[in-house]
Amino acid sequence: HRLHGAQRNGLAAGDAEQVLLLGEFSQWQPIELKRMKNGEFKTTLNLPTDGPSHFEYCYQLVQPYGETLYDNDWEADDYVPGPFGRDNSVVRVSQPS
């Protein structure tokens, strides 16, 4: 299964200088997204399908003056409560048994 990263345009990532993808698939270690010419940030990951049926993730937006914000993928498969008082996005890689 592929996670095609951020279709991050509009207000949420508008002022971000850098967007990082954080998720269970990388043990929550940041993966930097590439800024495209049109201003969107993107990456493509190949996610394993022989383990968990889904992975939680979110985006870290680094603003011009160093402020860090967190945001969801608003086209995610689902959302679940996270440990920091906000939801995490969910990508499904296989159907639950």
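How do β9 and strand β10 (residues 87–92) pair, and over how many bridges? They run in the antiparallel sense, and four bridges join them. (Two strands count as paired if DSSP finds at least two bridges between them; strands are DSSP runs of E with at least two residues, numbered from the N terminus.)

Before we look further, a word on what you see. This is a predicted model, in which local features need pLDDT of at least 70 and side-chain atom pairs count only at pLDDT 80 or more, while totals for chains, interfaces and linings use all residues. Residues are numbered from 1 along each chain as its sequence is written, and side-chain values use heavy atoms, with hydrogens and water left out.

Now look for asparagine 72, in the loop between β8 (68–71) and β9 (78–81). Its side chain makes a polar contact with the side chain of serine 89 at 3.0 Å. The side chain of asparagine 72 also reaches the backbone oxygen of aspartate 87 at 3.3 Å. (A polar contact is a pair of N or O atoms within 3.5 Å; within protein, one must be able to donate a hydrogen and the other to accept it, and residues adjacent in sequence count only if both atoms are side-chain atoms.)

Is asparagine 72 buried or exposed? Asparagine 72 counts as buried because its relative accessibility is 6%. (Buried means under 20% relative accessible area, exposed over 50%, and partly exposed in between, using a 1.4 Å probe and protein chains only.)

**Aromatic pairs**

A pair of aromatic rings is described by the distance of the centres and the angle of the planes. Rings of Phe, Tyr and Trp (its six-membered ring) pair if their centres lie within 6.5 Å; planes under 30 degrees apart count as stacked, over 60 as edge-to-face and the rest as tilted. The whole structure holds four aromatic pairs. Among them are these two:

| Pair | Centre to centre | Angle between planes | Type |
|---|---|---|---|
| Phenylalanine 25 and tyrosine 57 | 6.3 Å | 45° | tilted |
| Tryptophan 74 and tyrosine 79 | 5.8 Å | 35° | tilted |

Phenylalanine 25 is buried, with a relative accessible area of 17%, and tyrosine 57 is buried at 1%. Tryptophan 74, at 57% relative accessibility, counts as exposed, whereas tyrosine 79 is partly exposed at 27%. Ring pairs also link Phe25, Phe55, Tyr57 and Tyr59 into a cluster.
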